[in-house]
Amino acid sequence: MEKSLRIISIIVVLLSLLLALSACGTKEAKVTGIEAGITDLDESDFHLSALSDDSTLSKNDYVLNVGEQYRLVVGLTYNGGSRQPGFENTNNIKLYFDSDLFQIGEPNANSGQLIYPLECKQDFAYTVILVEGSEEYHTEVIVSTVK
């Protein structure tokens, strides 16, 4: 009887260990695209940014103040897998913007995202920052300034 209890205990421990290890996952998620947005310096999620609210034309339209510091956040969209993909290096992302309107600094990699310091240099009605991850993946961020 005691031997059967040991065998059952060992089987339960092994099954528990197997279940715990399989939950960690080893497959990286498949990249499906790229996304970008703008936040204040104290915000962490551009999806909930107050800079893009009911007063803007679209969900990726941001209203900024000239001369204030912001962050342009670039991330990957993905599905499947259990490991979140990140950027292998910052050179894979290209930004296309009007340098007379924006000052955009070098990126900092943080939690699988790239964070660029951003400042508007002058007033303008609307413009776009095009973010290109490859020929396959790109997105745009629409920006206007408050007068």
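This is a predicted model: local features need pLDDT of at least 70, side-chain atom pairs count only at pLDDT 80 or more; totals for chains, interfaces and linings use all residues.
Leaving aside neighbours within four places along the chain, V74 is in contact with I34, E35, A36, F87, I93, Q113, L114, Y116 and V131. V74 also belongs to the largest nonpolar core, which has 28 residues. The elements that give two or more residues to the core are the strands β1 (30–39), β2 (61–64), β3 (69–79), β5 (102–104), β7 (113–120), β8 (127–132) and β9 (138–145). In soluble globular proteins, nonpolar side chains tend to be buried together.

With regard to overall architecture, the protein contains 1 helix and 9 strands. Along the sequence, these elements follow the pattern α-β-β-β-β-β-β-β-β-β. Of the 147 residues, 31% count as buried. Contacts between residues at least 6 apart in sequence were also examined, and 61% of them join residues at least 24 apart. The protein exposes about 9,600 Å², of which carbon and sulfur atoms supply 53%.

The mean pLDDT of the protein is 81, and 82% of its residues reach 70 or more. Helix α1 has the lowest mean pLDDT among the elements, at 67, whereas β5 has the highest, at 95.

Helix α1 spans residues 2–24 and includes L15. L15 has a relative accessible area of 53% and is therefore classed as exposed, the threshold for that class being over 50%. With I7 and I11, L15 makes a nonpolar surface patch of about 280 Å².

H138 is found in strand β9 and is partly exposed, with a relative accessible area of 48%. When residues up to four places away in sequence are not counted, H138 touches I34, L130, V131 and E132. Of these, I34 and V131 are also in contact with V74. The C-alpha atoms of H138 and I93 are separated by 9.3 Å, although the two residues lie 45 residues apart along the chain. I93 is likewise one of the contacts of V74.

E119 is placed in strand β7. Its relative accessible area is 23%, so E119 is partly exposed. Beyond residues up to four places away in sequence, E119 touches G67, E68, Q69, L101, F102 and Q103. For the pair formed by E119 and G67, a separation of 52 residues in sequence corresponds to 6.0 Å in space, C-alpha to C-alpha.

D45 lies in the loop between β1 and β2 and, at 30% relative accessibility, counts as partly exposed. N89 occupies the loop between β3 and β4 (94–96). At 35% relative accessibility, N89 counts as partly exposed. The C-alpha atom of N89 is separated by 8.6 Å from that of A109, a residue 20 residues apart from N89 along the chain.

Terms used. Residues are numbered from 1 along each chain as its sequence is written. Side-chain values use heavy atoms; hydrogens and water are left out. Patches are made of residues with over 30% relative accessible area and no salt bridge: like charges are joined within 9 Å, nonpolar side chains (Val, Leu, Ile, Met, Phe, Trp, Tyr) within 5 Å. Accessible areas come from the Shrake-Rupley method with a 1.4 Å probe; for residues, only the protein chains shown count as cover. A salt bridge is a side-chain nitrogen of Lys or Arg within 4 Å of a carboxyl oxygen of Asp or Glu. Helices (H or I, at least four residues) and strands (E, at least two) are DSSP runs, numbered from the N terminus. Buried means under 20% relative accessible area, exposed over 50%, partly exposed in between (1.4 Å probe, protein chains only). A nonpolar core is a set of buried Ala, Val, Leu, Ile, Met, Phe, Trp, Tyr and Cys residues joined through side-chain atoms within 4.5 Å. Contact means heavy atoms within 4.5 Å. pLDDT is the predictor's confidence in each residue, from 0 to 100.
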